[in-house]
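Please look over the model shown here before reading on. The paragraphs after it lead you through its parts.

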Amino acid sequence: DSFQENCKYSWNTNTYVRGINFSAAYHLFSIGDVAFDAKAGLYAHKLSSHAVVEPNNCRDNCPWRIQVDQSAERISPMWGGVVTWKFLYASWEFYERIGEHTPVSANVKGRVEVKTIGVRIPL
């Protein structure tokens with residue numbers, strides 16, 4: 001009842017996206033040992049949001065507390081670029097429409113950028 005009466009309350013949330021990236025890279029050009037590639041693909045993922053809604057300034061002995069759990073599974077496009085030098089690489093990837101058109105009230109809506117620096121180990 002307190003939640004519906006528009007009381008002052010806080011949302012303590014935990015939101016995450018977990019998934020699998022299916023992508024292909026295309027070699028654009030090289031300058032010496034440095035290679036530049038473009039990549040595109042699909043990201044099959046699950047967006048999950050867990051929230052505890054409670055009155056402000058209340059943690060342990062609240063008169064009311066509501067837990068909200070939401071999730072949605074989607075497939076979204078992704079694209080980006082990769083620069084490699086010997087066994088080192090750096091990538092800049094864009095994952096589109098994360099959280100859009102889902103029944104999840106998460107703080108992730110739209111494009112997500114991922115920048116990575118790593119080492120490739122040939123098998």
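**A walk through the sheet**

E93 is buried, with a relative accessible area of 8%. Buried means under 20% relative accessible area, exposed over 50%, and partly exposed in between, with a 1.4 Å probe and protein chains only.

First, the ground rules. This is a predicted model, in which local features need pLDDT of at least 70 and side-chain atom pairs count only at pLDDT 80 or more, while totals for chains, interfaces and linings use all residues. Residues are numbered from 1 along each chain as its sequence is written, and side-chain values use heavy atoms, with hydrogens and water left out.

How confident is the predictor? The pLDDT, its confidence in each residue, runs from 0 to 100. The mean for the chain is 87. Of its residues, 93% reach 70 or more. Confidence is lowest in strand 1 (residues 9-31), at a mean of 90. Confidence is highest in strand 4 (residues 88-98), at 95. Strands here are DSSP runs (E, at least two residues), numbered from the N terminus.

Now the overall layout. An open sheet of 5 strands has the order 1-2-3-4-5, and its pairing is antiparallel. The edge strands are strand 1 and strand 5 (110-119), each of which pairs on one side only. Neighbouring strands of this sheet are turned by 20° against each other on average, direction ignored. The angle is taken between axes, lines fitted to C-alpha atoms, and such angles run from 0 to 180 degrees between N-to-C directions. Two strands pair if DSSP finds at least two bridges between them. In a regular strand, side chains alternate between the two faces of the sheet.

Strand 1 pairs with strand 2 (residues 34-55) in the antiparallel sense, over 22 bridges. Y16 stands opposite S48 of strand 2. The two strands, 1 and 2, form a hairpin with 2 residues between them. In that turn, G32 has a positive phi of about 65°.

Which residues does T84 touch? T84 lies in strand 3. Its contacts are D33, V34, A35, Y89 and R120, not counting residues up to four places away in sequence. Contact means heavy atoms within 4.5 Å. T84 counts as buried because its relative accessibility is 6%.

Next come the charges. Side chains of opposite charge can pair when their charged atoms come close. A salt bridge is a side-chain nitrogen of Lys or Arg within 4 Å of a carboxyl oxygen of Asp or Glu. The whole structure holds 4 salt bridges. One of them joins E93 to K39, at 2.7 Å from N to O. This pair links distant parts of the chain: K39 is in strand 2 and E93 in strand 4, 54 residues apart. K39 counts as buried, at 15% relative accessibility.

A further salt bridge joins E96 and R111, at 3.0 Å from N to O. It too links distant parts of the chain, with E96 in strand 4 and R111 in strand 5, 15 residues apart. E96 counts as buried, at 17% relative accessibility.

K115 and E113 also meet in a salt bridge, at 3.8 Å from N to O. Are these two residues buried or exposed? K115 counts as exposed, at 60%. E113 is partly exposed, with a relative accessible area of 44%.

Last, the rings. Rings of Phe, Tyr and Trp (its six-membered ring) pair if their centres lie within 6.5 Å; planes under 30 degrees apart count as stacked, over 60 as edge-to-face and the rest as tilted. The count comes to 4 aromatic pairs. Among them is the pair of W79 and F94, with centres 4.4 Å apart and planes at 20°, so this pair is stacked. W79 is in strand 3 and F94 in strand 4, 15 residues apart. W79 is partly exposed, with a relative accessible area of 39%. F94 counts as buried, at 10%. Ring pairs link W79, W92 and F94 into a cluster.

Methods:
pLDDT = per-residue confidence, 0-100. Helix = DSSP H or I, 4+ residues; strand = E, 2+ residues; numbered from the N terminus.
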